[in-house]
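Student: I am new to this model and would like to go through it step by step. Could you show it to me and begin with the terms?

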Amino acid sequence: METRRTKILATLGPSTDPPGRLDELVAAGMDGGRINCAHEGPDEWRRRADELRAAAERAGRPLALLVDLAGPKMRLGSAVRPRQVTAGEHVVFSCSEPVPSGAVPVAWPEFADAVTDGRSEIVIGDGTPRLSVLETLDDGTVLARCERPGTIGPRKGIFVTYVRTPASSFGEKDLADLTVAVEIGADLVALSFVRSGQDVRRLRGALESLGGRARVIAKIEKVEAFEALPEIVDVSDGVMVARGDLGVEAGVARVPLMQKEVIRAAETAGKLVITATQMLESMITQPEPTRAEAADIANAILDGTSAVMLSGETTVGSYPVEAVRAMAEIAFEAERGAPFSLDVRAPVASRPEAVMQAAVHLAQQVQAVALIVSTVSGGAARAAAKYRPRLRVIALSEDEVVRRQLALEWGIVPAWLPPRASTLDMHRASMLDRAREVGGLSSGDVVVLAYGPAEAGPSETSYLAVREIP
């Protein structure tokens, strides 16, 4: 039975609230729900998390919950007079009170300390106007020259490239929101406006101090993050290509190749990678996607993305179920092509990864229909998914959190495994029974089993076996 391997993450919002709507989304292909902390508040987040868990229970399969922290948001002051800024025009910005005559107020006290003279760009709104920083003046104002014209207005969002302030992307509001995320059992937590690996380490430290088990996702939406990509990938459990803000900062023309590089870096490291923003934007108001959107999604899948994400399409859109269904159909067709995959003979970093590399190779050699993995932490299943095998990876775990976290991993079918049997023969028999049940396998189907010894802990998968479904 051929199944879709690329996962679908849908942002929860007013359009997912009507009774029965989440069940429809799950039936259409949703594999996880996202809560965006930039909108609404803890009461709504708690309610939606409970509703997602209930929908998963009714569907009989795990659904991942990702909580997306808002991060610091810079804006122009409320007193800004709307006007057009022309190319070549010099503009003075100020974060001080009172605002000097003729200056544009910025509602961010550290603004003057953050910009880098001669290197930073100030980007307003959705990408225009765009100004290059010339110098920081003695009175704390910032002089910039307009490179691309556009309109400024009160409370418009503002982006600064090459920020030099040591301030973290993880602030007090994010800590408060993270506390709620741990309370509601978030399976993954995404950090906005990451600039370096240190930002990710701060989040992980806070998460551990709160007793959370969520996996950490770094959003790549700043030029600095892209330039520090190897370090960020190394310290994260996954990354998100946040193409909206990345396009604002870097310019839309650079986004396609940047996206490919981020996906390739994450996949090569065996990390989860989510491609997000404006994937089916037209379906906020229309029942069918455009051809360009279908091609965009297919290209991300051919590049090897683990999951694709819907934002406004499912939060406020008129066709949330149709959007998920369209995403699933496009993904299924794209996977008939030749998605990027790693060579199963590539060097590995550890013995456990070598075992799973061998498991994928063995499964391909014997033309198995599935690779069945018994996993404690999910690491063995993720190590198999890294190679993007054409066969299904059925990941069996006693741990409910692990099963939910694996729901967004490429090609993995997570399912419950009964408590470990007393002998390896009984354990293998239990794995075969569960795989047949959840994977729709038939008697005589060839499968490869990957498992560890009795009382195995994380990273102890060491046994491989070729079996037929009884």
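Tutor: A salt bridge is a side-chain nitrogen of Lys or Arg within 4 Å of a carboxyl oxygen of Asp or Glu. Residues are numbered from 1 along each chain as its sequence is written, and side-chain values use heavy atoms, with hydrogens and water left out. The model is predicted: local features need pLDDT of at least 70, side-chain atom pairs count only at pLDDT 80 or more, and totals for chains, interfaces and linings use all residues.

Student: Which residues are linked in a network of salt bridges?

Tutor: Side chains of opposite charge can pair when their charged atoms come close. By the rule above, the count comes to 32 salt bridges. The residues joined in a network of such bridges are D17, E40, R47, R48 and E51.

Student: With which residue does R4 form a salt bridge?

Tutor: R4 lies in the segment before β1, and its partner lies in the loop between α1 (21-28) and β2, 27 residues apart. Helices (H or I, at least four residues) and strands (E, at least two) are DSSP runs, numbered from the N terminus. The closest N and O atoms are 3.0 Å apart, and the partner of R4 is D31.

Student: Is D237 buried or exposed?

Tutor: The side chains of D237 and R204 meet in a salt bridge at 3.2 Å, N to O. This pair links the loop between α7 (229-235) and β14 (238-242), where D237 lies, to helix α5 (residues 197-209), which holds R204. Buried means under 20% relative accessible area, exposed over 50% and partly exposed in between (1.4 Å probe, protein chains only). R204, at 22%, is partly exposed, whereas D237, at 14%, is buried.

Student: How many strands close into a barrel?

Tutor: Two strands pair if DSSP finds at least two bridges between them. The order is β1-β2-β3-β12-β13-β14-β15-β16 with parallel pairing, and the number of strands is eight.

Student: What angle does the direction of helix α12 make with that of β16?

Tutor: Axes are lines fitted to C-alpha atoms, for helices over the stretch in contact, and angles run from 0 to 180 degrees between N-to-C directions. Contact means heavy atoms within 4.5 Å. Helix α12 (residues 320-334) packs on the sheet and touches β1 (7-11) and β16 (307-310); the angle with β16 is about 160 degrees.

Student: How far away from E313 is the nearest side chain of opposite charge?

Tutor: E313 is in helix α11 (residues 312-315), and its side chain reaches the backbone nitrogen of L280 at 2.9 Å and that of S311 at 2.7 Å. Lys and Arg count as positive and Asp and Glu as negative, while His and the chain ends are not counted. E313 is buried yet has no salt bridge; the nearest side chain of opposite charge is R243, at 7.5 Å.

Student: Which residue stands opposite V123 in β8?

Tutor: Strands β7 (residues 121-124) and β8 (residues 130-136) pair in the antiparallel sense over three bridges. They form a hairpin with five residues between them, and G125 in the turn has a positive phi of about 65 degrees. β7 also pairs with β11 (residues 158-160) in the antiparallel sense, where I122 stands opposite V160. In β8, the residue opposite V123 is R130.

Terms used
Polar contact = N/O pair within 3.5 Å; in protein donor to acceptor, adjacent residues only side chain to side chain.
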